[in-house]
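Have the structure open as you go.

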Amino acid sequence: MPATHYLNNGHGLASWLLTKDHKRIAIMYLITISVFFFLGGLMAAGIRLELATPEGDFVQSDTYNKFFTLHGVIMVFFFLIPSIPATLGNFLIPPMIGAKDLAFPRINLLSYYIYLLGGVFTIYAIVAGGVDTGWTFYTPYSAAASNTNVIPTALGVFIAGFSSILTGLNFIVTIHRMRAPGMTWFRLPLFVWAHYATSLIQVLGTPVIAITIVMLGVERAFGFGIFDPSRGGDPVLFQHLFWFYSHPAVYIMILPALGVQSELIANFSKKKIFGYSFVAFSSLAIAVFGFIVWAHHMFVSGISTYAAMVFSFLSFSVAIPSAVKVFNWTATLYRGAISFETPMLYAYGFMGLFTIGGLTGLFLATLGTDIHMHDTYFVVAHFHYIMVGGAIMGYMGGLHFWWPKMVGRMYSEFLSRIAAILIFVGFNLTFFPQFILGYNGMPRRYHAYPDEFQVLNVMSSAGATVLGFGYLLPVVYLLWSLKHGEVAGPNPWGASGLEWQMTSPPPTENFPVTPRVTTEPYEFTPHVPREIKVV
Amino acid sequence: MFGHVSPLKVYIGIFAALMVLTVVTILVAYVDLGEMNKVVAMGIASFKATLVVLYFMHVKYSSRLTKLIVVSGFFFLAILLTLTMADYGSRQWVNPPAILQ
Amino acid sequence: MHADAHGHAGHGHGAQHPALQHQFETMGQQKEAAVLGMWAFLLTEVLFFGGLFMAYMLYRIWYPDAFVAASTSIDLKWGALNTVVLIGSSLTMALAVRAAQTNQRKATVNWLILTMVLGTVFLGVKVIEYADKFEHHHVPGPNFVWAEPGHEAAGADAGTASDHAVSAQEAANLQNHTQIFFSLYFTMTGLHALHMIIGIGIMLVITWQAYSGRFSSEYYTPVEMTGLYWHFVDIVWIYLFPLLYLIDRS
């Protein structure tokens, strides 16, 4: 381990709270995001506890509404959207492109504090009694009828949105203007391409939900009538504006994980990603196409059938670039020197779960089946397969892959594999039954259900318990590794990428001398295939 | 010195053009052109905006990337407006089958 | 990799510009990053205001008569004056940037001050307009009452064209739909005014920095960034003015 690195370069609270170092900011985000993750998980525990029995006997329905609303708000806006970009992206993008820091370090710090401020408003809303509108804040209930803390929560989301915008803006400028000499666009790691695409969405989409929240706020606070049907307003307009952002938002949540996945597959097959430029362009395609499919959330809201047909067709097309990635990863694995370290276990899990999640999305994009399954547990299962089976597994895989780089220590490979398996098993036990429940008609956002659904619900709640333990375990062994883990050298995985040329942990300025890049990405020492013995 | 320095008369000239166009747009509002009123009003506004973007904001002398950003902003706004109106505009077209009612 | 416009001779290790931040190699790279960053931010502003334009477009199509009536009730002279004032302030802002580009410290300060004065005039006029709306009960919410200026009594026989009979439903619709117009009017112009206040605040800082001699032809980026922001605010008004004041005055 080097004598001086970014973690011990400057001591005391002020040196952290006023830092401009992207790596320290990433660590601060990591800690805060983890707190929100467990808070959102607590809300999920409330949901699964209630749903273990058919009657609404754990909490009242109003309280249950608050559980699923806060679970959604916290997980979407305060965990998933910042997660990979603000932690791994912040930490890795400058070294991956050979830069000393992001383009705007002070804006990076500002974006952290803005995120924190947004979180404060949301926590206030929880303490003050919660909010029960669903994370989707549909009017007119949220604007007029709900008597819960809509405005503080919406304000928290609004503020956190600016954090997201500033992060995206910073990444776009950094990737355009701060690449080291020789680091052309097509020598960039796919992680960077994925974050570039994510940043485009953050910059273009987030302002629309921001203005939607402003309109909701003035309606609720001052009695303006923009969405009020009794005064000629249109609640469906709210839905159009809300989903114009919130659909691309799901791509904000998954694209960075897709970027992590490319890094893991390449580095643990010791092989360049098959079809590098296809994978790079597919990230951009997802970002652009993601903006023209939003009304597939509104098929039963009263939109025109012709519009529904158009949005359905466009929604099928957005699946194509995602599929391109899965095919290319598979082709990369073929005849690669694959291994099974913990980050790669998450990558394998990601492949299957993301695929299932994506395929089930097609059922929902199909008008006929969506009529049947909208607002049922099928939808809940679909998006959890992508967001948890996909995005969170990507986050965990990335965290485990780059942990030695960030802290200079290895964690216990034994415990980490146990955690990965617990998470995989617990996840499937939690969410697979929900596909069946939804298909059989169990609605979402209900605190009680008919008796015949109980067995599957108990399975789901049991799975959630396993999943919870799976997520708690890394907290233990990762923290333990900080003091007691085996010291990691600069490149414990034999991985490719400029970040592995820095020491572990890296110095504050990343590279003492700006690197000059002359090699293509994902270059590994020549791979000798195993001999196949012919008898 | 970085950046293009425009001569003073360019700025004065653009300002004069913007003033003239403002007067025109006010006067046209007093004339009944039916549907064309909207088109003319937005056309004039867009032309004024273009002048401000190109000359006051120096986009005429900026990089291709800057021009791309400006265009893409309005492009995505156009997507929001047109695709949403595609819903509202087509609601009268179709009698949905009974199952959707 | 961006090449420095002055070549190496002027920017060896000992001759770095004091405003060069550590993550950049050259002032040119820093300026390009700042310009790109500001444009990316303005992109977000286009989409931010864009949501309001979407709502406006829908309701104008749905309620054309109410929108015409409400728009015509707004005093045009203030809107026209404000348009001239704001475009004028864009001119003075552009001239402030030009002065900074050409090393004219005093002129930079003066043009910036003039821009702020014009911006404040705009806001003052807005106060007058808002006060007028308040007096006429045209502020949306529980106290909203639609009556055309000159007809203070509300109800079916006032505030509507005198030559056709009006049902109670139509009168109620007119109340509701003009209220939607004014909801959008206040949200759009209010948000715009907020952006102007922020812009003037930024200009106060920049003016002070210009006065202290911080800017020169080698480094005037903050002035240019402020200019970009202010021109954008002007562009929003260029669209708001015809949409709110000039729907149909024939």
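**Exercise 1.** Describe how helix α1 (residues 8-28) of chain B packs on helix α3 (residues 76-101) of chain C.

*Solution.* Step 1: the two helices pack at an angle of about 170°, with axes 10 Å apart. Axes are lines fitted to C-alpha atoms over the stretch in contact, with angles from 0 to 180 degrees between N-to-C directions; helices are DSSP runs (H or I, at least four residues) numbered from the N terminus.

Step 1: α1(B) and α3(C) are therefore roughly antiparallel (angles over 145 degrees count as such).

Step 2: the contact (heavy atoms within 4.5 Å) includes Phe15(B) and Met19(B) of α1(B) and Ile87(C) and Leu91(C) of α3(C).

This is a predicted model: local features need pLDDT of at least 70 and side-chain atom pairs 80 or more, while totals for chains, interfaces and linings use all residues. Residues are numbered from 1 along each chain as written, chains are lettered from A and ligands numbered from 1 in written order, and side-chain values use heavy atoms, without hydrogens and water.

**Exercise 2.** Now do likewise for helix α7 (residues 190-222) and helix α9 (residues 276-289) of chain A.

*Solution.* Step 1: the angle is about 15° and the axes lie 8 Å apart. That makes α7(A) roughly parallel to α9(A) (under 35 degrees).

Step 1: among the residues that meet are Trp193(A) and Leu200(A) in α7(A), and Tyr276(A) and Leu284(A) in α9(A).

Definitions and conventions: Parallel < 35°, antiparallel > 145°, perpendicular 65-115°, else oblique.
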